[in-house]
Amino acid sequence: MAGNDWISSYLEAILDVGPGLDDAKSSLLLRERGRFSPTRYFVDNVIGFDETDLHRSWAQATRSPQERNTRLENMCWRIWNLARQKKQLEGEEAQRMTKRRLERERGRKEAVADMSEDLSEGEKGDTVSDVSVHGDSHRGRLPRISSTDAMEAWANQQKGKKLYLVLISLHGLIRGENMELGRDSDTGGQVKYVVELARALASMPGVYRVDLLTRQVASPEVDCSYGEPTEMLSPHNSDGLTDEIGESSGAYIIRIPFGPKDKYIPKELLWPHIPEFVDGALGHIIQMSKVLGEQVGGGRLVWPVAIHGHYADAGDSAALLSGALNVPMLFTGHSLGRDKLEQLLRQGRLSKEEINDTYKIMRRIEAEELTLDASEVVITSTRQEIEEQWRLYNGFDPVLERKLRARIRRNVSCYGRINHFSYFQVIPPGMEFNHIIPHDGDMDGEAEGTEDRQASPDPPIWAEIMRFFTNPRKPMILALARPDPKKNLTTLVKAFGECRPLRELANLTLIMGNRDNIDEMSSTSASMLLSIIKMIDKYDLYGQVAYPKHHKQNEVPDIYRLAAKTKGVFINPAFIEPFGLTLIEAAAHGLPMVATKNGGPVDIHRVLDNGLLVDPHDEKSVADALLKLVADKQLWSKCSELQTRQPGWLKNDDDDDENSESESPSDSLRDMQDISLNLKFSMDADKVNVYSSFDSEDRKSKLENAVVSYSKGVVKGEKSDQPKFPALRRRKQIFVIAIDTDDIGGLFENVRRIFEAVDKERSEGSIGFILATSLQMAEIHSFLVSKGLSPSDFDAFICNSGADLYYTSSHSEDNPFVFDLYYHSHIEYRWGGEGLRKTLVRWASSIIDKKAENKNEEHVVTEDETVSTNYCYAFKVLNPALVPPAKELRKLMRIHALRCHVIYCQNGRKINVIPVLASRSQSLRYLYLRWGMDLSKVVVFVGESGDTDYEGFLGGVHKSVILKGVGNNQLHANRTYPLSDVMPTDNPNVIQTPEAFTSAHIRSSLGKLGVLQE
């Protein structure tokens, strides 16, 4: 910033006006401050902060010399205000960091105390296998693959397998060919990454099918290809894959319709529609598992071996799908919300509320916390992402993880805690090398060719770029990024414009996505592009800078080749770059790099050593680095000599061993411990070893064995002569009553009104009912008896906020309920068991009413052992006003490395803690998976508000009837984001009754939803 010309002008003006500061007309501000030095004050307090408004004011001041002193005084006031704001932001940041550090230290101390490091031999009996009984016991152990030899051995073992993989990437426009990268902020490098990953996975031995799930966009503002439900991704190289080819084999883009049907919306507006995607994706996966079962599974369903989410929105979706299907989940963040929030707060331009309104940042952060809770593996591009970004999350504490890892190695119990550090893997993004054509010669050499030489015609994109240049033979400085402020292209143009030797030696090419008309671009992109064009005009860079309007994705390699042919340089000047895949692509084409020193390029440079790292804020540093590489031909040649590496299973037998394990980029960027991954293949809850037991013959079909499991899932004293299927399979419609009140009488009254509204259909048996509640089964039974209802009025009961599931039995009057024991094996993933319970009890004892007159009444939260079950720890709350919000208890458990779902119920008078991926809404997906209950035929009745898991019912393919006036809004403060971030507006599947509603109003609402005739 200190090199900006307007700042120099400003400082000179202050010095010029300095001698006149003592006369009678001098500024009151400066007179009152005595020896106040505006120059020193400006340099000490403002340099490096926000200069935008000051720049604008100074430009105005210099136009009117008569008002110069007045404007100068105003600017000094503004400088003072900016400095004060800067110090305030620094103070707030220090407070946040201190609070986070204290919370971590306290949680770490309590966790270590719980685990009791000084265990005697007698206390050492709980082994790792014992510890994992609540979730990991059903997950096979997958040894890590850390070398080319190991990968090759694994690949050989998988040649006879038929694996099914699912990838998820929701936002942006995704297609296999002619990707519109740079079209908008959502269609960037992640789009290319996931498409190429799908192709690469499909080409691996043992992988039969890969589905990349994304959003179907049928909007007139985008190409019609994005509205196609299915697109097959053609493999780049099909050699050696003949044994894997089948009717449904290969990689596919599957577009699931969700959200507004005729609109392409940004990722920030997709959050309320996530449940709808999850339901649609679940339907596709179930259907595809049946198809693959017929084709390659010998009639047994072939379930996904893993689900891989990309970015927070897909991570949230993958977590719900993972819980619904009970299969492993992997996650790649690409960029993280907490890091973005910290940067935006540090800039000081927006408040936290404004940031959340713009970016829905709190919803994103909670989704990322959930992915940490649910993921088997978290894949990062660099170690910086782990050490500087993921450590900002409550669910990841490197210090505590090291302690947990030490205990695991000693074979000592961790009491329900998970060692999440074990699941981070640094895997830099790869790329396809088969399309790379080494550049032969250079522009000068080409001119010296003979007449006999048969040169191939130049790609059309070369002419499109070179038409901008007066001398197209000069080395080309290439930048490839969309016009986004964080890409920092303005600094690059300014550095180029202000360095005369660089301008004389080189040209600059800016590939900034595709555009037809600047006015049709987003405001941010249009503003950035206009700023760049103005700078080109300011420095008179015509004939030296190219910025073509269009390019195709398949022309990008040709652009790299052109830059290499001119002996040019590739530059990535972004303020922060999570990885920097374009740097590897450029290096593969023989281009040296200049890149930001913030983020992934540091690791890339450590491995490739093919360029220079710079401070992206320092224009002179950027210009000097570019000039050094362009001017020093020897250095350029050294940096351009990079041999491409390929995966071991794609190498020829006669390849040399120079690029062995020790020199592999992926391995040298890893720093993994000898830890295994826990994979949860549990369609039948059996232990499955990943390498020896992937055969579909070894896996029982979940749906086929549901009947067998059903008869085993009985409570004490229950007879086993139950019908094979619950009654809900015979229903045309399923009505789910999920009304949350702290008054049993109020619940009964609403149930009665719903029954009356559909009395005819109910008597015919076409409609079945499910009661979804926070109550325990004994409480429900008591409620039914006291209100004169029969258990047979309901087909199923979702109890304890989704921790238990019962069906109705007509074969026993003493015990009319059948307990679904299999459901527990489905939800028990990472359940902390007794260790979690002890931590919760200690937390409950710390909530004290200091104003209580009686010592016995000072405890606000107490354990309710009478209604607690193996998978639901229940607590009574005597005074909800004194209890921290649910989000604080969730945060505390994550800091303790305990994974669970905390739910405040019954207007805050009860707390249920259940497994992390269990909930009432997830129970409906389980019923769909197990019994084929069509979610589109489900109607959920909810109040205007409810328990803290209430939001799970507000989206999806099912229909919802909101009973106005029922519930209490007090619990809504327990979430970290507004309800509008999860409840879609103008949803045709959601309807609200009048406030004083009757059974007739309920029937009318069902008629408007198309469920019944009014």
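Modeller: Let's start with Tyr806, which is buried, with a relative accessible area of 13%. Keep in mind that this is a predicted model. Tyr806 forms an aromatic pair with Phe819, and Phe819 is buried too, at a relative accessible area of 10%; both values count as buried because they are under the 20% cut-off. The two ring centres sit 5.0 Å apart, with 40 degrees between the planes, so the pair goes down as tilted. Now look at where the partners come from: Tyr806 belongs to strand β20 (residues 804-808) and Phe819 to strand β21 (residues 817-819), so the pair ties together parts that are 13 residues apart in sequence.

That's one of 18 aromatic pairs in the structure. Elsewhere, ring pairs join Phe735, Phe755, Phe769, Phe794, Phe797, Phe817 and Phe941 into a cluster.

While you're here, have a look at two helices. The axes of α28 (residues 744-757) and α35 (residues 999-1008) come within 8 Å and cross at roughly 60 degrees, so the helices are oblique to each other. Their crossing is right-handed. On the α28 side the contact is made by Arg753, Ile754, Glu756 and Ala757, and on the α35 side by Ser999, Ile1002 and Arg1003. Sorted by type, these residues are three nonpolar, one polar and three charged.

Helix α35 also holds Ser1005, which is buried at a relative accessible area of 4%. Setting aside its neighbours within four places in sequence, Ser1005 is in contact with Val961, Ile991 and Thr993.

Methods
Residues are numbered from 1 along each chain as its sequence is written. This is a predicted model: local features need pLDDT of at least 70, side-chain atom pairs count only at pLDDT 80 or more; totals for chains, interfaces and linings use all residues. Side-chain values use heavy atoms; hydrogens and water are left out. Axes are lines fitted to C-alpha atoms, for helices over the stretch in contact, and angles run from 0 to 180 degrees between N-to-C directions. Helices (H or I, at least four residues) and strands (E, at least two) are DSSP runs, numbered from the N terminus. Angles under 35 degrees count as roughly parallel, over 145 as roughly antiparallel, 65 to 115 as roughly perpendicular and the rest as oblique. A crossing is left-handed if the near helix is turned anticlockwise from the far one by less than a right angle, and right-handed if clockwise. Contact means heavy atoms within 4.5 Å. Ala, Val, Leu, Ile, Met, Phe, Trp, Tyr, Cys and Pro count as nonpolar, Asp, Glu, Lys and Arg as charged, and the others, Gly among them, as polar. Buried means under 20% relative accessible area, exposed over 50%, partly exposed in between (1.4 Å probe, protein chains only). Rings of Phe, Tyr and Trp (its six-membered ring) pair if their centres lie within 6.5 Å; planes under 30 degrees apart count as stacked, over 60 as edge-to-face and the rest as tilted.
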